[in-house]
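Let's take a friendly walk through a protein model.

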Amino acid sequence: MKILVCISNVPDTTSKINFTDSDSKFDKNGVQFIINPNDEFGLTKAVWMKESNNASVTALTVGDISSEAILRKCLAIGADNAIRIDCEALDAYSVAKEIEAHCNEINYDVIICGRESIDYNGGLVPGLLAGYLDYNFITNCVSLDINSDDVKCSREISGGIETSECKLPIVIGAQKGLVEESDLIIPNMRGIMMARQKPLEVIESKDFSNQAVDKKFFKPEEKGEVKLINADEIDKLIDLLENEAKVL
Amino acid sequence: MSVLVYSESEKNSFKKSSYEAVSYGKSLADKMGVELICVTFNCSNSQKLKNFGADKIFNIESQNSQEFTCKVYSTLLLKVIETENVSTVILSSSADSKYLGAYLAGYTYGSYISNVVELPESINPFIVKRSCFTNKAFSSTELKGDLKIISISSNSYGIFEKEGKGSQEEFKVDEIETNHKVTNIEKQSGSVTIADADIVVSAGRGLKGPENWKMIEELAGLLGAATACSKPVSDMGWRPHSEHVGQTGKPVSSNLYIAIGISGAIQHLAGINSSKVKVVINSDPEAPFFKAADYGVVGDAFEVIPRLIQELKAKV
């Protein structure tokens, strides 16, 4: 079984969010990049499937050379090989098209993405990819069990869990629950050394055009100071929520 | 041309988020000078959408659409999109709608944008405002492509009653072949879900142990609120994972979010900061949540919450 895990390079949660080029681009200056958390849940699940399903795991990212550091980390975590499609990730559409073109050359059985990235929060790439490839698609996926080409999986829905069955090939939008936070693999020295020997292939971009253009970013208005209410006068809090904030 | 709203229903009734999507769709259709089409699946109550602006209502009945799967729904919606010359599709931010949006965009080679918070500032070119960077920023985004699909952020637009023409029309479809079958749905019954709640009462490690959640549940019950928790609380197994809100948990976009004994780590705030009004109750005045909140009470939850419950009971 061939598994592709699509990895997005995202700013660490604690990063300061600033913009440059007349507020049209995210300012990467001084920002620490990490594997998108939802992708990492998916990668860990894929690494488990190496044993349970005799799977091979390829980690892929679309980005410039600066994104190779996280691919090396994916290799250290347990991916067998890595691929970087060499271009600036402009929007979800061009990224999904680049991945689709690669998937048309190598037929993967399972493609795992994170349900959404923590930077642009679009939640687009897995769905677009499934739509372009005409594969089955499960997002917010919290369990995945594959037996030959039979898939049993579940996803989080409003107020519960839905279980369904389908056939391979499939695109998965991973999230916490597929594996738990405590299951995430912290690469050890041996893993890091082995990662240096594993293949990291760079593929040329096909230069797809973008479909969504961020014209201008702006930050929310500065929030006013918190209004403090004395713990002994809790009726005042109710009054404020009722009559000032009008939310009760 | 026309605007289409996929109007999600469950057991023949619509959620608030469905009405909000129809209200948004109506305003957009008016702005564009076109008709508003609402599509429901296996719903006998779709006539209700007339009051929120539906000009044409199609209820699609078929065997394979009894349960939502994105491929069957996308295929069926595409038929309406083609027949009715639809240029823009509006979705809510429910789990199913966001699931559908990206797939539908891939399937139709359209373009989809999520977390939209306002009506488009311009139709041609199509420019719309959405939140990103977990609500730490907004973007004015231009969307290209012939078919545009928008999902609107919950509670960002509001619900407005406005009479549409409301003609109910039949839309005949053939059964769509699929190998994807829903086999089981497990839902907690009775309680308000985090996604649908106007008010969320959330508690953290400050509560000291799972046995102390009774007062949280009582408070939530009085307010008609959903209960939620911070990540450490779900990691320790005090509360189910389904209650975990934050960056890797569920997003919250309620009208009122009450955080009790939660310090307000950046990962927690990332998941909840699109809520309109935030209240923090914490014994540590230095807790970072006080910087993110609108109202704060510095005090021991074990004294403040019973007092709050008492006051609320006195009002009823």
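In this predicted model, helix α4 (residues 125-133) of chain A meets helix α3 (residues 95-108) of chain B, with axes that come within 7 Å and cross at roughly 35°. Helices (H or I, at least four residues) and strands (E, at least two) are DSSP runs, numbered from the N terminus. Axes are lines fitted to C-alpha atoms, for helices over the stretch in contact, and angles run from 0 to 180 degrees between N-to-C directions. The crossing of α4(A) and α3(B) is right-handed; that word applies if the near helix is turned clockwise from the far one by less than a right angle, and left-handed if anticlockwise. On the α4(A) side, the residues in contact (heavy atoms within 4.5 Å) include A:G127 and A:L128, and on the α3(B) side they include B:A102 and B:Y103. This contact has 7 nonpolar, 3 polar and no charged residues, where Gly counts as polar.

A second pair lies within chain B: α4 (residues 214-223) and α8 (residues 301-315).

| Helix pair | Angle | Axis distance |
|---|---|---|
| α4(A) and α3(B) | roughly 35° | within 7 Å |
| α4(B) and α8(B) | about 30° | 10 Å |

Because angles under 35 degrees count as roughly parallel, α4(B) and α8(B) are described that way. Their crossing is left-handed. Among the residues that meet are B:L219 and B:L222 of α4(B) and B:I305 and B:L312 of α8(B). By class, this contact holds 11 nonpolar, no polar and 2 charged residues.

Now to the core. Which residues have the most contacts inside the largest nonpolar core? They are A:I99 and A:I111, in a core of 120 residues. Such a core is a set of buried Ala, Val, Leu, Ile, Met, Phe, Trp, Tyr and Cys residues joined through side-chain atoms within 4.5 Å. Among the residues that A:I111 touches are A:L4, A:C103 and A:I172.

Next, a loop residue: B:T248 sits between α5 (231-235) and β15 (256-260) of chain B. Is B:T248 buried or exposed? B:T248 is buried, because its relative accessible area is 12% and buried means under 20% (exposed is over 50%, partly exposed in between; 1.4 Å probe, protein chains only). B:T248 touches residues including A:P37, A:F41 and B:K231.

Finally, chain A has 6 helices and 15 strands, and 56% of its 248 residues count as buried.

Residues are numbered from 1 along each chain as its sequence is written, and chains are lettered from A in the order in which they are written. Local features need pLDDT of at least 70, side-chain atom pairs count only at pLDDT 80 or more, and totals for chains, interfaces and linings use all residues, while side-chain values use heavy atoms, leaving out hydrogens and water.

Conventions:
Angles under 35 degrees count as roughly parallel, over 145 as roughly antiparallel, 65 to 115 as roughly perpendicular and the rest as oblique. Lists of a residue's contacts leave out its neighbours within four places in sequence.
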